[in-house]
Amino acid sequence: MNTGQTCRRVCSGLAWMAGLEGGDTGHGWTGSGGNSLLLPSGSSQAASFGKCFLDRFPPDSFVRMCQDLRVLNAVRDYHIGIPLTYSQYKQLTIQVLLDRLVLRRLYPLAIQICEYLRLPEVQGVSRILAHWACYKVQQKDVSDEDVARAINQKLGDTPGVSYSDIAARAYGCGRTELAIKLLEYEPRSGEQVPLLLKMKRSKLALSKAIESGDTDLVFTVLLHLKNELNRGDFFMTLRNQPMALSLYRQFCKYQELETLKDLYNQDDNHQELGSFHIRASYAAEERIEGRVAALQTAADAFYKAKNEFAAKATEDQMRLLRLQRRLEDELGGRFLDLSLHDTVTTLILGGHNKRAEQLARDFRIPDKRLWWLKLTALADLEDWEELEKFSKSKKSPIGYLPFVEICMKQHNKYEAKKYTSRVGPEQKVKALLLVGDVAQAADVAIEHRNEAELSLVLSHCTGATDGATADKIQRARAQAQKKMEGLEEEPLETLPTEQW
Amino acid sequence: MASRLFYGSKAIVWDEYLTGPFGLIAQYSLLKEHEVEKMFTLKGSRLPAADVKNIIFFVRPRLELMDIIAENVLSEDRRGPARDFHILFVPRRSLLCEQRLKDLGVLGSFIHREEYSLDLIPFDGDLLSMESEGAFKECYLESDQTSLYHAAKGLMTLQALYGTIPQIFGKGECARQVANMMIRMKREFTGSQNSIFPVFDNLLLLDRNVDLLTPLATQLTYEGLIDEIYGIQNSYVKLPPEKFAPKKQGDGGKDLPTEAKKLQLNSAEELYAEIRDKNFNAVGSVLSKKAKVISAAFEERHNAKTVGEIKQFVSQLPHMQAARGSLANHTSIAELIKDVTTSEDFFDKLTVEQEFMSGIDTDKVNSYVEECIAQKHPLIKVLRLVCLQSVCNSGLKQKVLDYYKREILQTYGYEHILTLHNLEKAGLLKPQLGGRNNYPTIRKTLRLWMDDVNEQNPTDISYVYSGYAPLSVRLAQLLSRPGWRSIEEVLRILPGPHFEERQPLPTGLQKKRQPGENRITLIFFLGGVTFAEIAALRFLSQLEDGGTEYVIATTKLMNGASWIESLMEKPF
């Protein structure tokens with residue numbers, strides 16, 4: 001132990017501490033008592049001397065004893081006046097002793113002791129500083145501004161000091177403004193927000209919560225605000241906080257649908273209002289009239305939102321709903337909530353071809369899709385006669401490969417073959433292979449001189465039956481190869497081209 | 001494990017969504033050791049009877065779940081002997097939910113209210129996920145940043161464990177927010193100086209909406225295709241059982257298994273680690289090579305003459321048998337996938353996708369898409385293609401867009417108008433503004449389309465989509481070399497700000513890199529990541545002169561289908 005060093009540390013510590021007492025002079029501290037407080041007593045000097053003559057003496061207990069004695073000396077000083085014996089001190093523990101010093105507002109000494117004993121900051125210095133700050137906020141004669149600044153200066157970012165605790169104390173003494181100022185120094189928003197709410201500074205709490213990014217905190221403040229403010233003010237507050245607004249919308253979506261509508265109305269968000277009414281048309285209303293009415297509201301909203309497409313689509317849907325209702329009445333069966341496509345399909349399956357045609361015209365189903373639709377429906381019915389008639393009604397906008405495919409899907413090779421001749425040249429090979437006519441497929445492929453088609457056919461040649469065909473292809477290939485070498489013709493196609 | 005907290009027998013009531021992720025960190029047997037006697041899923045009305053002292057609710061902090069819990073607790077109270085109720089929030093306690101429980105009059109019934117801060121769940125050595133299904137929708141549709149907050153918290157936990165990450169890069173609105181939250185949270189922890197030597201050199205935060213294209217394309221890696229076709233859930237996949245039936249003679253196929261075969265997929269399985277990130281076309285050759293090696297190893301037994309040799313052979317048996325089982329499984333899976341990939345429709349779809357991505361005919365109605373609609377192919381498939389076309393054309397011409405939308409509504413039903421609105425809001429489907437198509441610029445600058453792809457021995461990340469190099473991964477690659485300054489123009493076209501933040505380290509912790517030592521970048525995908533992107537990043541990590549290794553984190557492991565599905569809305 002180097003006494004000189006300790007003394008210097010103590011002195012500088014005391015000089016620093018002088019500031020802690022704020023208005024106090026503090027000179028009395030450093031002056032008379034200061035230097036002598038922690039000086040080692042004569043006996044410890046003697047022990048220190050004696051120690052040198054002992055072999056392998058573990059220094060720990062000696063050091064600890066010196067420390068204890070110094071602490072005891074310090075508190076026994078007449079300025080402090082706590083005449084503890086060593087065993088009393090040990091019984092009491094250092095923590096309790098520190099508490100007593102704090103109660104007597106002997107903050108500087110308490111801090112010195114903590115630093116001297118190297119207590120962990122959270123248990124030691126920070127705790128005492130916090131106590132000091134709590135005392136400080138009770139000094140009514142000092143302005144909020146000054147107290148806050150003084151506290152921040154002293155505490156800075158000391159770990160383990162909770163500004164919100166100090167602020168809570170300030171609030172407890174009725175110094176709300178000071179509490180708010182102190183909370184500004186609190187880095188943890190989770191601590192700021194509840195106190196701000198308690199102090200009825202909800203709007204400030206809201207912006208703090210938003211700053212933190214913690215949505216749970218934002219929600220908590222929002223629900224608080226909702227109870228505290230009238231509806232108009234609440235909505236206005238939300239309007240200035242887009243993040244809070246979108247969170248509150250989420251909340252309303254599950255909890256208060258009507259409020260959601262009001263929120264959209266307030267913002268003139270017609271697009272969302274439209275969607276809102278669409279949902280309503282499915283959720284709430286059973287009767288068709290009610291549903292149509294809800295959709296009408298939706299359509300109006302979409303017009304206001306300048307979303308022409310959605311408005312038209314909604315009107316179409318209203319028309320369709322009414323029509324489906326009529327179909328149910330007249331034909332029986334279920335039509336409501338089928339898509340337009342499925343409605344037409346159902347009509348064809350039920351043999352109501354005329355009505356199906358009419359519907360397709362009314363709603364302007366594109367030709368291609370209508371052909372697919374009819375094709376699929378007629379094949380499902382296995383109405384081969386009608387299918388053939390349909391195929392001849394005019395030139396198919398989707399080609400004839402789909403006819404072959406759909407017949408094969410229903411395992412009707414006989415019908416499928418009827419269409420192969422009408423399949424366009426680009427898909428002919430595929431069609432022929434589908435119906436199992438490998439030989440003819442090979443001929444077409446050879447005629448096309450298309451490498452991809454040739455290998456496709458070759459991959460379909462199985463075993464003995466197609467042996468001759470396979471040979472034929474190989475020969476054709478070899479020939480083409482020769483030609484290629486001679487001529488360097490344009491490259492052969494490798495990708496299947498468009499279907500029609 | 002948290003269940004250790006409470007003494008005596010217990011029953012756990014699970015929020016169903018949590019069971020999957022929790023399966024990865026605690027097996028049922030482990031829970032049993034802690035006196036967990038019953039497990040239920042959270043449902044309305046009353047709990048099933050269980051003779052236990054404690055009832056623990058494991059839930060996400062959601063209001064609707066609180067209502068169910070209150071119902072459970074109230075009916076349980078009426079039933080008789082008092083139980084101890086506890087509630088564990090995953091990943092975070094919520095004041096809002098506790099308030100709700102209080103309003104419902106049951107808050108006092110809970111002895112413990114704790115949180116289990118499971119933000120990032122480890123899926124593999126280099127992969128972490130929050131498994132938060134709705135993250136993309138919440139962030140980009142509803143401007144709800146809850147999952148971003150959790151992401152930031154998760155990153156703080158990672159930093160507490162693996163050291164402060166000195167550099168943060170980011171691109172996108174959400175990335176900016178997460179970075180801001182991290183910086184703020186760091187301030188909250190001042191004083192507790194982190195003295196851990198940093199493992200990561202960089203953090204790269206990427207918004208999913210910076211790259212909307214990649215997940216829409218069909219993944220062509222082995223793992224990606226398994227996910228596309230069968231869907232990988234929490235690293236498990238359920239497969240049709242027929243191919244896995246044990247081949248026994250004389251059985252006559254009497255008892256074919258009917259239950260789906262469930263397999264766990266991760267890098268702990270040697271063979272899977274080798275093939276998961278390969279292009280599917282390169283998997284077959286690996287499998288047949290492995291088959292030869294294994295049968296050769298089994299043949300070794302004929303050479304074993306002395307007792308010592310036999311003993312050595314026998315000691316290797318378990319490992320060999322495991323390898324053989326693993327090979328059999330993956331051969332079966334590969335066969336299943338091959339059936340799909342060789343189908344004509346798969347080929348046609350892929351052709352169209354590749355046309356779009358290489359910029360062919362993106363500005364007019366595509367006849368294949370038309371045909372898919374007319375034949376009522378699954379709506380998700382159609383939406384994926386239409387969105388892909390829109391993204392590859394910086395939005396569709398109004399006429400084309402309206403045509404597609406009308407076709408979809410007429411065919412699949414008007415109710416999907418809500419889904420279409422969602423897709424438009426997320427920017428996946430939109431009209432082209434100002435008649436300008438930026439995609440070609442992006443494609444050329446970032447070299448997104450590579451014509452010469454080597455699927456067997458790849459030299460570029462584009463192998464994962466057989467030609468298309470995922471935009472997100474390209475951004476990561478360019479960041480590490482030569483830096484983003486070279487692509488400022490493209491970065492300005494892509495949505496959201498790009499930024500760089502430094503977190504100063506005390507001098508003692510600053511890294512002195514050995515020559516040849518790789519940097520480690522943690523890359524966080526906000527809004528989800530696909531297996532193909534992960535594969536591409538792993539490919540970059542393994543490049544000999546790459547210089548950067550990647551650890552991947554995300555809000556959700558996803559694919560185009562699950563992504564679109566999360567954005568769909570069904571009003572009835």
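## Salt bridges overall

Over all chains, the whole structure holds 61 salt bridges. The model is a predicted one. Some of these pairs sit within a chain, and one example comes from chain A. There, A:E145 and A:K181 meet through their side chains in a salt bridge, at 3.9 Å from N to O. A:E145 belongs to helix 8 (residues 144–155) and A:K181 to helix 10 (residues 176–183) of chain A, so the pair ties together parts that are 36 residues apart in sequence. A:E145 has 43% relative accessibility and counts as partly exposed. A:K181 is also partly exposed, at 27%.

B:E138 and B:R62 form a salt bridge, with their closest N and O atoms 3.8 Å apart. B:E138 lies in helix 5 (residues 135–140) of chain B, while B:R62 lies in the loop between strand 3 (54–59) and helix 3 (63–79), so the pair ties together parts that are 76 residues apart in sequence. B:E138 is buried, with a relative accessible area of 13%. B:R62 is partly exposed, at 33%. Back in chain A, a network of salt bridges links A:E388, A:K392, A:E415 and A:K418.

## The interface of chains A and B

The area buried between chain A and chain B is about 4,500 Å². Carbon and sulfur atoms give 54% of that area. A:Y282, A:F309 and A:R369 supply 15% of what chain A buries against chain B, more than any other three residues. The contact takes 55 residues from chain A and 47 residues from chain B.

Eight salt bridges cross this interface. Polar contacts across the interface join 27 residue pairs, with both residues at pLDDT 80 or more. On the side of chain A that touches chain B, helix 15 (residues 242–255) gives the most, with seven residues. That side of chain A divides into 23 nonpolar, 17 polar and 15 charged residues.

## Two salt bridges between the chains

A:R369 forms a salt bridge with B:E407, the closest N and O atoms being 2.7 Å apart. The pair runs from helix 22 (residues 367–381) of chain A to helix 15 (residues 398–412) of chain B.

A second bridge joins B:E569 to A:R279. Here the closest N and O atoms are 2.4 Å apart.

## Nonpolar cores

The largest nonpolar core has 169 residues. B:L205, B:L475 and B:F524 have the most contacts inside this core. Leaving out residues up to four places away in sequence, B:F524 touches residues including B:L120, B:M130, B:L155, B:L205 and B:T554. Apart from this core lies another, of 80 residues, among them A:L97, A:V161, A:L206 and A:A209.

## A buried arginine in chain B

B:R92 is found in the loop between strand 4 (84–89) and helix 4 (95–103) of chain B. B:R92 counts as buried because its relative accessibility is 12%, under the 20% cut-off. A polar contact of 2.9 Å joins the side chains of B:R92 and B:D119. Beyond its neighbours within four places in sequence, B:R92 is in contact with B:P61, B:E115, B:S117, B:D119, B:Y149, B:H150 and B:K153.

## The fold of chain A

Chain A has 29 helices and zero strands. Of its 500 residues, 44% are buried. Among contacts in chain A between residues at least 6 apart in sequence, 49% join residues at least 24 apart.

Key: Residues numbered from 1 in each chain as written. Chains lettered and ligands numbered in written order. Predicted model: local features only at pLDDT ≥ 70, side-chain atom pairs only at ≥ 80, totals over all residues. Heavy atoms only, no water. Contact = heavy atoms within 4.5 Å. Buried area = accessible area lost by both parts, 1.4 Å probe. Salt bridge = Lys/Arg side-chain N within 4 Å of Asp/Glu carboxyl O. Polar contact = N/O pair within 3.5 Å; in protein donor to acceptor, adjacent residues only side chain to side chain. Helix = DSSP H or I, 4+ residues; strand = E, 2+ residues; numbered from the N terminus. Nonpolar A, V, L, I, M, F, W, Y, C, P; charged D, E, K, R; others polar. Core = buried A, V, L, I, M, F, W, Y, C linked by side-chain atoms within 4.5 Å. Buried < 20%, exposed > 50% of the residue type's maximum accessible area, 1.4 Å probe, protein only.
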